[in-house]
Amino acid sequence: MKHASANLDTACIHAGQAPDKLFGGVSVPIFQSSTFAFEDADQGAARFSGKDNGYKYTRIGNPTTAALECCIAELEGGAAGLATATGMAAISTVFMTFLGAGQHAVSTGSVYGPTRTLLENELSRFGVESTFVDTADLDSVKNAVKSNTKLIYVETPANPTLAITDIAAIAEIAKKAGILLVVDNTFCSPILQKPLALGADIVLHSMTKFINGHSDVVAGMLVTKDAGLRKRMHQVLCQVGGTIDPHQAWLVLRGVKTLSLRVKAAQASAMRLAEELEKHPKIEWVKYPGLKSHPQYELAKKQMAGPGAMISFELKGGVKAGKTVMDSVGLSTLAVSLGGIESLIQHPASMTHASMGPESRAQAGISDGLVRFSVGCEDYEDIKADLWQALDKI
Ligand SMILES: *Cc1c(COP(=O)(O)O)cnc(C)c1O
């Protein structure tokens, strides 16, 4: 593996990748093979016993996947990466590895909808208990930790409320209790936030979003502070089977090369858009970590290298106005997901967070008129003109 520079712009392009040894191909080859031939019976036995760390079978490991794992681990400043088929495969691998019957998890309330549903509706069937709190409020986290709590799960900025949790402060609480801190870093990408440096044990991504960045792949990644945590999760992933496909891993390797460029371009437009939306007469409020009006503006400045490309806003006129805007945008695509090179707009109450039910949504601060906007890399004036003509239709 090639170790790139500490500079993230450079690391995005080079980390974990070197010209291939066979023909010198500059791009990492796609090893689209489910299985790997052994030279003889002894080598096959040595690979299974662990004496030889060569490849055996793609569910267990693959060279293209390994290059991607090295790349993202380096970007996050972690010891090791573990790629998964989707972001949810990464999240379910964490829960299945570190939680069991009679054990308990504390999670951000306004977490990615399916993450909450997984804990509430599925893991509860196996005797795993979970408590959802506003992790931006440190006392409610402290109060939620019990003797059987095994992990704290944080998503910051939260989706779609953009509430910020103080990762370093939560890491202190986790350390005192002797439990793991897991952070979903999807909204920031490693370009804007480094949870491991702030004290988290595991950082995870839906690489479907910013890291791949082209709305053409679903994939996930786990990065751990130490290699032991990766080893344990790898054992579970191998049995559960949420492995990434090598071609999919290669597409993400290609996408990540422009991660830093894309995040910076989209963020610059998001900052301008948030400022102008705040002054728009049809807007009730705007949530964006780069605005002084954001309740945790100072914490965002301290913890994040930039405010990111995600904006949430509430329209005057609630659900009806929201529907009008969604049906009127042209350049921005009405679609769930985020972090693509194209601007995406969606309505969480009826789409991504519909599965939570109205009570959980209200508790998590997801109002009916809330619109989530993932700012893309189109020209700023084009993005603005499209949104403004849609707002005019209300
Ligand atoms: C999309 C998303 C996920 C789930 O990822 P998939 O790749 O869709 O499985 C998890 N967390 C956050 C914050 C997300 O945005």
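1. Pro-160 is found in the loop between β4 and α7; helices (H or I, at least four residues) and strands (E, at least two) are DSSP runs, numbered from the N terminus. A cis peptide bond, with omega about 5°, joins Asn-159 to Pro-160. The loop between β4 (149-155) and α7 (167-177) also holds Pro-157. Thr-156 and Pro-157 are likewise joined by a cis peptide bond, and omega there is about -10°.

2. The structure is a predicted model, in which local features need pLDDT of at least 70 and side-chain atom pairs count only at pLDDT 80 or more, while totals for chains, interfaces and linings use all residues. Residues are numbered from 1 along each chain as its sequence is written, and side-chain values use heavy atoms, with hydrogens and water left out.

3. Most residues other than glycine have a negative phi, and most peptide bonds are trans.

4. Which residues come nearest to the ligand? Of the 13 residues around the ligand, these are Met-88, Asp-184, Ser-206, Thr-208 and Lys-209; a residue is near a molecule if one of its heavy atoms lies within 4 Å of it. The shell comprises 5 nonpolar, 5 polar and 3 charged residues. In this classification Ala, Val, Leu, Ile, Met, Phe, Trp, Tyr, Cys and Pro count as nonpolar, Asp, Glu, Lys and Arg as charged, and the others, Gly among them, as polar. Helix α4 (residues 87-98) gives the most to the shell, with 3 residues.

5. Some atom pairs at the ligand deserve attention. An N or O atom in the side chain of Asp-184 is 2.7 Å from a nitrogen atom of the ligand. Oxygen atoms of the ligand lie 2.8 Å from a side-chain N or O atom of Ser-206 and 2.9 Å from a backbone N or O atom of Gly-87. On its own the ligand has 370 Å² of accessible area (Shrake-Rupley method, 1.4 Å probe), and the protein covers 93% of this.

6. An automatic or database assignment gives the chain domain 1 (9-256) and domain 2 (260-391). Their contact (heavy atoms within 4.5 Å) takes 42 residues from domain 1 and 41 residues from domain 2. About 3100 Å² is buried between the domains, with carbon and sulfur atoms giving 58%; buried area is the accessible area (1.4 Å probe) that two parts lose on being put together, summed over both. Ile-164, Leu-192 and Phe-210 supply 23% of the area that domain 1 buries against domain 2, more than any other three residues.

Definitions and conventions: A polar contact is a pair of N or O atoms within 3.5 Å; within protein, one must be able to donate a hydrogen and the other to accept it, and residues adjacent in sequence count only if both atoms are side-chain atoms.
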